[in-house]
Amino acid sequence: MNNTFIQRTLLMAVFFAFGINVNAQQAPAAGNYDPHAAFSPLFYTQNGNEFRSASGYPGAKYWQNRADYNIAATLDDKTNTVSGTVTITYKNNSPDQLPYIWLQLDQNLFNKDSRGNSLIKLGSRYGARGEKVNGGYTISGLTVAKKGGPVKFTSITEDTRMQIRLDQPLAASGEVVTIKMDFSFVIPINGSDRMGHLTTQNGEIYTIAQWFPRLSVYDDVLGWNTLPYWGAGEFYCEYGDVNYSVTTPANHILMGSGELLNPQEVFTAEQLKRWNAAKQSDKTVSIRSAEEVLDPKSRPAKDKLTWKFKMSNTRDIAWSSSKAFVLDAARINLPSGKKSLAVSAQPVESNGADSYGRGVEYVKASIEHYSNKWFEYPYPMAVNIAANISGMEYPGIVFCGWKAKKGQVWGVIDHEFGHTWFPMIVGSNERKYGWMDEGFNTFINGLSSAAFNNGEYKDGRDDLHKAAKYMAQPNREYIMLTPDAMVEQNIGVNLYSKPGWGLNILRDYVLGQDRFDYAFKNYIKQWAFKHPTPFDFFRSMENGAGEDLSWFWRGWFMENWKTDQAVTSVTPSKKDGKIEGYNIAIANLEQMPMPVILEVKTASGKTDIIKIPVDVWMRNKTWTVNYDTTEEVVSVVLDPEHVLPDADDSNNSWKK
């Protein structure tokens, strides 16, 4: 989910609040650094096993369950409701018998009596904002069957979860159960900034997600993952195939996850011609122009239309429908030679060249970059929707804030489609570990923005000294907390910025780009469409890069340790009265070690950058750099470009 605005607001406040005095020269405090705590070998408490290898990759007997869905739904734009029937085919690939099954009922968050509603402040981003809505599911017609016929069961609904208690357990290693039910719900105007509906001058835009009952994940780590949906935490889903249809008023255009199976039935003859042309075009093709939005002839002359889609090997699906849509598309070229389709749908108000009029260009560039850099895009379409959601991602489709302009449009589209790789391809548990999708995505977004259109929207480098001052404040928390347990004002930094900064530090200043990229690409490849844990990530990076990084995981992710390096003295070394070098003493004063970047200037104006690996802090609290020179040294500065998170840069410099 996009948190760019929150991040930038927080960081701007931080940067104005804290000044920097690089000229101060003061004796360091005694310091809090303990090399034995930072570099203790006792980081991994469990050995690898047949399910999850010590290499950080899936083990020889790794398993995960599977959930396939068939859904037939209807959108009623008079009552703002969605209703439908879902048939779930669930396969138990685990070695365990399952006497009960848990499902996720996320829409129940918007019931006035939900547990989430008791936690969410009025008007909060993560509630049902914009109206007093008593939402949630109405469910009926629940049946359960196995191969031999109907199964006796009882069911209970507890907030955003449903438990189906089976009379006979689901057998291990391959037995299948079929669950069928009817459901309906009222669409909130803004449901946790992830789905809802928006009134525009030409009609309502519906963005529909978390819309059908879904299987909870049963894994080898926790068993059933049954954390409620409280709003801030996102999702953890099983993979499978989804066939779905949605019936809408005929004047609507609907775009959804997966492949549109019946374009000939839902487009006019001219729109179908343009749709097919877009599949062969690297340039944007207008399927329905802004001028055509109010033309009745731009939609088939019927009362209702049914849109049919198929999505393979996916953890979720979503869709959007409106009579107000301008629709554009173009071909996406993938590394294997396969093609996908970039699509952008937006209201007339957002269709300018400074807004979503460039939406298809942005979608295409983003998908092609990540496909070439990390892992090939797996879906037949990539659909962007401009609506009243600030930014939210689902497999093959994203919802973005309709009022965004210029670089904001690129930023939100690129961020939300970056989520294709985390967590749509690499299916981490983002309800517990939000940083494993938001932080990883923030990291790859920086590389994508630098690459787009010769750096048109390239971000400036973050000042990590200022960021470190913010992170060092007493009310800051550590990354590993679940999002719902985190103070809301810390979510922007702890889920997005700090993990992203951490990966940049590893890539640029610890491992180097080649080793980092190799290990990171293999992590994606090995865990594609599977369920890694944080420790699977840690192990896979260490094994792929050939480096013990437990000091980094411990201080940056498991704790909120501070970094503070200091120049404590600069003394000349002389022989026969002549300078033959300088001894530059550096101290590590806080708990978090980091590599050393030292800038040394001499009287002639010569400048040297000295880089020292983090290893020097394995058994030392101080380190002396022997700098060979016959010139007089006039200044020494630690981390002159502020690329490392030094929380106190008042002791970072020395001047003669």
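Tutor: In this predicted model, helix H11 (residues 488–510) packs against helix H14 (residues 550–558) with the axes 11 Å apart and at an angle of about 160°. Axes are lines fitted to C-alpha atoms over the stretch in contact, and angles run from 0 to 180 degrees between N-to-C directions. H11 and H14 are therefore roughly antiparallel to each other (angles over 145 degrees). The crossing of H14 by H11 is right-handed (the near helix is turned clockwise from the far one by less than a right angle). From H11, the residues in contact (heavy atoms within 4.5 Å) are Lys498, Pro499, Trp501, Gly502, Ile505, Leu506 and Val510. They meet Trp551, Phe552, Trp553, Trp556 and Phe557 of H14. By class, this contact of H11 with H14 comprises 10 nonpolar residues, one polar and one charged; Gly counts as polar and Lys as charged.

Residues are numbered from 1 along each chain as its sequence is written. Local features need pLDDT of at least 70, side-chain atom pairs count only at pLDDT 80 or more, totals for chains, interfaces and linings use all residues, and side-chain values use heavy atoms, without hydrogens and water.

Strands pair if DSSP finds at least two bridges between them. E26 pairs in the parallel sense with strand E24 (residues 381–387) over five bridges, and Gly401 in E26 has Ala387 opposite. With strand E25 (residues 391–394), E26 runs antiparallel, joined by four bridges; here Val398 in E26 stands opposite Glu393. The hairpin of E25 and E26 has two residues between the strands, and in it Gly396 adopts a positive phi near 80°.

Methods:
Parallel < 35°, antiparallel > 145°, perpendicular 65-115°, else oblique.
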